[in-house]
Amino acid sequence: MKSISRRKLITAGIAAAAGASGLAVADRLARRYGLIPPDCGGIYGPGETLTYAAQRLITTRSLAREFPRSMISKVPFANATPPPTDAFKRFQAGGFSDWRLAIDGMVARPLSLSLADLRNLPVRNQITEVACEEGWSYVAEWIGTPLVEVLNAVGLLPQVRYIAYFSTDPDWWESIDMADALHPQTLLTWGMNDGDLPVSFGGPLRMRVPRQLGYKSLKYVVRLTATDSMKGFGKGLGSAEPESGYAWYAGI
């Protein structure tokens, strides 16, 4: 991302306040500085662009709120899900000993990591909130491997702009930009509340992106792909969610 002066940021804010014509001005400014989300097209595109660009300019290095242990939510938590597929159930029956995380795309050293491999990398724990656009939320402790550690291990090529990540369900996938991919709070999570990550909450491996709404924290992750464009994935909107009416960027 190119640097942008405070004066230009203020100008963009004033333009946005001006209505539709302001959105067009803000869109042009975002394009100039490379702040265009994959779902920038369509009637809502200018608004998605303005939201993403403003968030990135203001909050690139900000941290999601972390809570004391006393504020961990009591069970039951919201949004528990059953095992997603028969193939997943076979992994589960084997204690996930054969589970692998593939990392490919624009990397110097593609890898396939077991859960044990991930646990041998640096570990971080955090107590953060999962917040859903539909209104529910809960606070939990998440334990896992910072995504940046995995990306350092494979060696990203300089042109990488996004990390796409995929569940065992081929229709369930997401992506994030490099600001979130390299952020210290973005985890490949394999533990929750001092134990293994339960299957109902994404175990054995879940992406945890605490600076965005819950649907970005994809469950049952099996593959990461580094890329410079989302055009070759799905409908080119950056994830499966915009295909159902949600925004690609879901910052909170």
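I count a contact when heavy atoms lie within 4.5 Å. With that, I looked up leucine 118: leaving out residues up to four places away in sequence, leucine 118 touches Leu101, Leu113, Thr145, Val150, Leu188, Trp190 and Leu205.

A note on ground rules: this is a predicted model, where local features need pLDDT of at least 70, side-chain atom pairs count only at pLDDT 80 or more, and totals for chains, interfaces and linings use all residues. Residues are numbered from 1 along each chain as its sequence is written, and side-chain values use heavy atoms, with hydrogens and water left out.

**Cores.** Next I looked for nonpolar cores, meaning sets of buried Ala, Val, Leu, Ile, Met, Phe, Trp, Tyr and Cys residues joined through side-chain atoms within 4.5 Å. Buried is under 20% relative accessible area, exposed is over 50%, and partly exposed is in between (1.4 Å probe, protein chains only). The largest core has 31 residues, and Leu118, Leu188 and Leu224 have the most contacts inside it. Among the elements giving it two or more residues are β1 (100-105), β5 (162-167) and β10; α6 gives the largest share, four residues. I take helices (H or I, at least four residues) and strands (E, at least two) as DSSP runs, numbered from the N terminus. Apart from this core I found another, of 10 residues, including Tyr52 and Phe233.

**Strand β10.** Which strands pair with β10? Pairing needs at least two bridges found by DSSP between two strands. β1 runs parallel to β10 over four bridges, with aspartate 104 opposite threonine 225. β5 is antiparallel to β10 and joined to it by six bridges; there, tyrosine 165 faces leucine 224. Five of the seven residues of β10 are buried, so the strand is largely enclosed by the rest of the structure.

**Lysine 216.** Is this lysine buried or exposed? Lysine 216 is buried, at 0% relative accessible area. I located it in the loop between β9 (206-208) and β10 (221-227). For polar contacts I used N or O pairs within 3.5 Å; within protein, one atom must be able to donate a hydrogen and the other to accept it, and residues adjacent in sequence count only if both atoms are side-chain atoms. The side chain of lysine 216 reaches the backbone oxygen of serine 175 at 2.8 Å, and the backbone oxygen of tryptophan 248 is also 2.8 Å from a polar atom of that side chain. Beyond four places in sequence, its contacts include Tyr165, Glu174 and Met207.
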